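Below are some notes on the model you passed along, arranged as numbered points.

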Amino acid sequence: MADRDAMDEGVSSEEAARNDEDSTPREAWQIGTSHRKVDAMERMRGVTRYTDDLKLPGMLHCKIKRSPHAHANIVSLDTSKAMAMEGVFGVVTGKDFPEPYGVIPWTPDENALCVEKVCHVGDGIAAVAAVDEDTANAAIDAIEVEYEVLPAYYDPQEALAEDAVSINPWSRKGNNLSKDVVLEFGDPDAAIAGAELIVQGDYHFEGTTHAAIEPHCAVASVEPGSGVLTVWSATQVSHYLHRELAKVLKLAAHRIRVIQPPLGGAFGGKSEPFDLEFCVAKLAMMTGRPVKCLYTREEVFYSHRGRHPMKMNYKTGFTKDGKITGVASRTFLDGGAYSSFGLVTTYYSGQLLCAPYDFPTYRFHSTRAYTNKPACGPKRGHGSVQPRFAMEIQLDKAAVELGLDPIELRRRNEIGSNRATVNGLMVGSNGFLDCLASVERRSEWTSRRATLGYGRGLGIAGSTYISGTNYPIYPNEMPQAAVQICLDRSGRARVFSGANDIGQGSNTMLAVITSEELGLPLEDIRVLSADSDLCPVDLGAYSSRITLMVGNACLDAAKKLRRKVCGAVAKRWEVPRKRVTLAGRRAIDIEDPERNVPLAEAFQWAEADHGLLGETGSYNTPKDRHGSYRGGTIGASPAYSFTAHLAEVNVDDETGVVNVERIWCAHDCGRALSRKIVEGQIEGSSYMGFGEALMEEHLVDAAHSGVHAGPSLLDYRIPTSVDTPDIEAIIVEAPDAQGPYGAKEAGEGPLHSSIPAIANAIYDAVGVRLDRLPFSPPRVLAAIEDRKAREASGELAPHKDSPDDEKRSA
Amino acid sequence: MLRLPQFGIETPSTVEDAVRLLKTPGARVVAGGTDILPNLKHLLDTPPVLVSLAAVSALREVKVEEGALLIGAAVTLTEVSEHPLVREHAPSLAQAAGLVAGPLHRNMGTLGGNVNLDVRCRYVNQTKFWRDALGGGCLKSEGNVCFVVPKGRNCVAALSADTVPVLVSLDATFDLVGGETPRTTDAQDYYRADGIHHIVKEPEELMIAVRIPLAQSPRRATYTKWSVRQSIDFPLVSAALRFDLETDSPHGVVTAVKVVVGVLNPRPRVVGKLDDVLGKKLSDPAVARIVSEAVHKQCKPLENVPYEAPYRRSMLKVLTRRAVEGLSQ
C-alpha cells in the first residue's frame with residue numbers, strides 16, 4: 001500500500017535547505033549543559049500561583065451537579081429551588097450549551113453539560129455559581145433531576161453488540177462504534193503463515209489515568225465595558241480551548257482571552273476543554289462576576305481522558321534467525337462515553353508500532369467502542385503504550401522460542417535511519433542501536449543474565465515515539481509554531497510563546513535556545529507564555545511537539561536577532577559579522593576575545609541601526625513524510641525518538657510481589673538541549689510506566705451500578721517515592737536534521753518500553769508471562785502457581801535453577 | 001477540593017475541660033485529624049463541635065510507671081516509633097507505629113487516634129456523591145444494606161489501625177475518663193464485632209493513656225504488614241506476634257504466645273489453638289508452621305477493603321510464617 005521507495009528520498013535536500021551561514025559550527029555555550037528550570041525556585045519555595053490561587057474581587061464559586069447513573073435519560077430537570085436560594089447567582093444546564101464540541105473537529109460529540117441523557121457516573125448536568133463553595137454545593141443538591149435508567153455497558157465488545165442501546169447522543173454510526181480502522185501493508189497473512197515461527201498472544205491493557213497532582217481548575221471574568229471574557233485554566237492546550245469556547249459560547253475569538261497559569265502536572269489529562277471551563281465562562285457572562293471552579297479529586301477521575309483499555313490480539317511471524325516477516329493485530333479500544341482524541345487513538349494503536357523494528361508486512365484492525373465510563377483520551381505515550389506492551393512481549397516470546405538473546409533479536413530487526421517504515425512514515429535519525437548497547441553494557445546484561453537464579457531476572461524492551469505530529473488537528477496551512485522575541489536597551493530578552501509549559505520545562509527550553517543564540521544568561525530572559533492576548537498562537541503541549549516545533553520557531557526568531565546584533569557590533573568594529581559572537585552577556589570578537597562589549601551596549605547599537613529589536617520566528621512541519629493512503633498522515637512526525645529499557649526484578653514466588661530493583665533507560669532525544677530536564681523526563685516517564693506496570697488500574701465497578709472503583713489517590717494507587725526503583729537515565733544523541741540543534745522529543749517516548757521491560761524481566765525471573773496489566777501480586781502469584789503445577793506434572797521443565805530451593809519451605 | 005461540614009472547635013488545655021466539653025451531644029475528639037477530617041469531608045459524620053487535644057499537654061507523656069510503659073493518648077505516632085522507652089519495652093509497637101501511613105500522617109496522627117481509628121470499608125470511605133451513586137449508602141453510612149456481605153445485618157468494616165493488633169498482643173490496657181468513673185479496659189476487650197459501634201468507649205469518654213505491662217521474661221515480638229505501596233496505605237494484611245521465652249535467644253523455649261490479626265472485620269482477631277507452640281524452641285520450624293497454619297485456618301478476610309480477599313488470606317499464612325522465621329534468626 002505504501003510506496004516505500006518514494007519515501008526513501010528527500011532527506012538530503014531537506015538538510016541542504018537548512019544549511020545557512022548560521023549553521024556554521026560554533027561552540028555551544030548553553031546547549032547540552034544543565035540548567036535550573038526558569039520557574040524552579042518559585043515552585044520549590046511554594047510561591048508559584050496556580051489557577052486555584054487566583055482570587056478576584058466579587059468572585060463566585062461554581063459547582064457542577066453530576067449524574068449518579070452510568071446511563072440514563074434525563075426526564076426532567078428542575079433548577080428553581082437552587083436558583084431561589086440566597087447566595088446563588090446563576091444556574092446553567094445543558095440547554096445553555098446546545099452546541100456540541102470535541103477536540104477533534106470531526107467528532108464533536110459532547111456538550112458542556114448533558115442535554116438529554118447522561119452517559120457515565122459523574123457526567124455533568126448542571127452548574128451553579130454562588131457566593132461560596134458551601135452555598136454552591138447546597139444549591140446543586142437542591143437541583144431536582146428525574147432519570148429514566150438505561151442499560152449500561154462497561155466492555156467494548158458488549159457495547160458493540162447489535163441490540164445494545166446507543167450511548168453517545170451525537171454518535172452517527174450507531175451500535176456504539178466510535179471508530180474502526182483497518183490498514184494493511186503488503187500481505188501479512190501470507191508472510192505470517194509462511195514463517196518459520198509464529199507467535200500469537202492476547203494482551204489486555206486495563207486503562208490508567210494521569211493523576212496529575214493539581215486538579216483541573218478554571219476562573220472566568222468578564223471585563224466591564226469591553227465585555228472581553230478572560231478564562232484562566234489549568235489547560236495544556238490554550239489554543240484549542242480558545243477555539244472551543246468561541247464555538248460553544250458563540251463569541252468571536254477576539255472577545256475571549258485564554259491564560260494558562262503555572263500548571264501542577266497534566267500528562268495529557270488537560271489536553272482538551274472540560275465542562276468547568278464552559279461553565280465558569282457562561283456563569284461569568286450571566287452574572288457579571290468572576291467565577292471559579294476547582295475539581296475535587298473525584299471529579300478529576302470522572303473527567304479522566306486517560307489511557308484506553310485495549311484488548312489486543314497479536315500474531316507475528318519470524319524467520320528462524322529472528323527476523324520479523326509480518327505483524328497482524330486485532331484490537332478493541334474501550335473509549336468511554338465520548339470521543340475525546342479517540343479517532344487519533346484508534347489510528348495510533350497501529351500506526352506508531354512500525355519502528356524501531358522493520359516490519360516487511362503489517363496489518364492492524366482497531367475498533368473503538370463507546371462505553372458507559374469516563375471518556376478515555378490521551379495519556380503520555382498516546383495510543384501506543386498499549387500495543388508496545390504487546391509487541392515487545394511478542395518479541396521476547398520469539399527470542400525464547402528461537403533460543404536467541406532478546407537484545408540480539410531486536411538488533412536483527414532494527415529499522416535503521418533515514419528510511420520509511422512499512423506504513424510510510426519517514427524515520428530520520430535513529431539512535432536505537434546505541435540505546436540497546438548502552439543498557440546492555442550498563443546492566444552487564446550478558447554476564448549477569450546468565451547467572452541470576454530463580455526469582456531474579458532481567459528484561460529488555462525498545463520503543464519509538466513521535467516528536468509532534470506533522471498535521472494539526474484542524475487542517476490548515478499555517479505554521480505549527482511561532483515565537484516572538486523582543487530585545488531592548490537594558491540588555492534583556494522577552495520571549496513570547498503560546499506554548500503551554502506543563503512542567504516539562506518548555507519555557508526553560510525557549511530560554512536556553514534564546515540564551516544560546518543571543519549570549520544572554522537565562523536570568524536575563526523572560527519567557528511569557530500561554531496568554532492568547534500576548535503570545536502568538538501555539539497548538540499546545542501534546543504529542544511531544546514543543547521542543548522540536550516551538551524550539552525551531554524560537555531558533556528562527558533568535559537567529560534573526562543575532563544577525564542584527566552581530567551585524568551592528570561588526571559594523572562598529574569594522575570586522576566581518578562572522579567574527580562576532582555572543583556569549584556570557586557579552587559580544588566578543590572571536591579572533592581577538594580581548595575586544596568585547598557588554599550585550600546591553602551591543603543591543604543599543606543594534607537598536608540604533610534597526611529600530612526596536614523584535615523578530616518573529618515560525619516553524620512548519622514537512623508534509624512529504626507519510627504514506628499516501630487514507631489515515632497515512634496520522635502518526636507522521638518530523639522526527640522519531642528511540643528508547644531502550646532494561647529492568648531488573650526480584651519476584652517473590654510465594655507472594656507474587658514483584659520488586660523492581662533497577663531500571664536502565666537509554667533514550668535517543670536527538671540532542672539534549674538541557675541535560676537535567678531530559679534526564680528528568682526519562683525518569684518521570686519510567687516511573688509512570690512502572691506504576692502502570694505494577695499498580696494502576698482505572699476501573700468502574702460493573703457489579704455496583706458502574707461507580708468508579710475508588711476515585712481517590714488512596715484507592716487509585718500510584719507509586720510513592722519509597723516504591724520506585726533506582727533509575728539510570730542515559731541520554732543517547734542521534735541528532736535529527738529536523739530538530740533545533742538536532743533535538744527530538746524526550747517527554748513521552750521513555751514511558752513505552754518501561755512496561756514490557758518489566759514483564760519480560762518477570763519472565764526471565766520465574767518463567768511466567770504477564771499478558772495482562774497490572775502485574776499485581778495476585779496475578780503474578782496465580783501465574784507462578786499455574787507454572788509450578790505444570791512443572792510438577794512434567795508438562796514443563798523447571799524454568800531455571802534455584803540457588804535457594806532448599807530454603808523455601810512452601 | 002472536598003469541603004468540610006461546618007462545626008465548632010474547642011481547644012481545652014486540661015483533661016477535665018476536654019471531658020466537660022465532650023458532654024455536648026455529638027461532640028467528637030480531634031487530635032491529629034488524619035482520620036476524622038477525611039471522614040467529615042466524606043460526610044460520614046457531622047458533629048456540632050470538635051474538641052481538640054492540641055493544647056492538652058498532659059496527654060503527651062511517655063514513662064514507665066507501676067510496672068508498665070505508659071504512653072499518653074496524644075503522643076504522635078512518630079514519637080511512638082522513635083521514643084527510646086517504647087523501643088526498649090515495646091519494640092513491636094514502635095515498629096507498627098512507624099509503619100502507619102506516611103511520615104506526614106505520623107507527624108500529625110496520635111497513638112490514641114490510631115487506637116480509636118474508625119473501621120474502614122471500600123463502600124464507606126467514599127464521598128457522599130459516590131455512595132448515592134452506589135444506591136444510597138450502607139449500614140455504616142446512610143443506607144440499610146451491606147455490600148460486603150449481602151443480606152448481612154452487621155457492619156463488617158475492617159479494623160485498619162496498625163498499632164491495635166500489637167497492643168492486643170502485648171496485653172495493653174487503655175485508660176478512659178469522662179464516664180461515671182475513670183476506668184481501665186483491656187485492649188482485647190475494647191473492640192466489638194460491630195462496625196457501627198466498634199469500640200466500647202462511650203462518646204463522652206476520653207482515652208488518656210495506653211499502658212503496656214513490662215515483660216516479665218525474655219520476649220520476641222514483631223508486627224507484619226502488607227499493603228500495595230510501602231507508604232501512605234492502610235494495611236491490607238496485618239498481624240502482630242509475641243513470644244515470651246525462657247531465655248533471651250532465638251532458641252529460647254516458648255512459654256507464652258499471642259498472635260493477633262487485623263483487617264478482617266471490626267475486631268482484631270486473637271488467634272487460638274497455639275498451645276502446641278509452647279515448650280518448643282522459637283527457632284523450631286514447627287513453631288512457624290503451627291502459627292501460620294492456625295492463622296490461615298482461623299482468619300478469613302472479607303471484600304471490605306480494596307484488595308482481593310482470597311489473596312489476603314493466603315498472604316496471612318506466608319507473612320506470619322516469615323515473621324516467626326524473622327524473629328528466630
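1. Across the boundary between the two chains, 25 residues of chain A are in contact with 22 residues of chain B, two residues being in contact if their C-beta atoms, placed from the backbone, lie within 7 Å. The elements that give two or more residues to the chain A side are α5 (133-142) and α22 of chain A, and α5(A) gives the most, with 3 residues. Helices here are DSSP runs of H or I of at least four residues, strands are runs of E of at least two, and both are numbered from the N terminus.

2. The residues on this side of chain A divide into 10 nonpolar, 7 polar and 8 charged, where Ala, Val, Leu, Ile, Met, Phe, Trp, Tyr, Cys and Pro count as nonpolar, Asp, Glu, Lys and Arg as charged, and the others, Gly among them, as polar.

3. As to provenance, this is a predicted model, in which local features need pLDDT of at least 70 and side-chain atom pairs count only at pLDDT 80 or more, while totals for chains, interfaces and linings use all residues. Residues are numbered from 1 along each chain as its sequence is written, and chains are lettered from A and ligands numbered from 1 in the order in which they are written.

4. Helix α22 of chain A (residues 777-792) has 16 residues and reaches 22 Å from its first C-alpha to its last, close to the 22 Å expected at 1.5 Å a residue, the expected span being 1.5 Å times one less than the number of residues. Its buried residues are P777(A), V780(A), L781(A), A783(A) and I784(A), with a residue called buried if 20 or more other C-beta atoms lie within 10 Å of its own, exposed if 12 or fewer, and partly exposed in between. The face turned away from the buried side carries the exposed residues D786(A) and A789(A).

5. What covers the buried residues of α22(A) includes β26 (640-651), β27 (658-668) and α21 (754-766) of chain A, together with α12 (309-327) of chain B.

6. I762(A) touches V780(A), and its other contacts include V649(A), V658(A) and F775(A), not counting residues up to four places away in sequence.

7. Buried residues make up 52% of the 329 residues in chain B, which has 12 helices and 12 strands.
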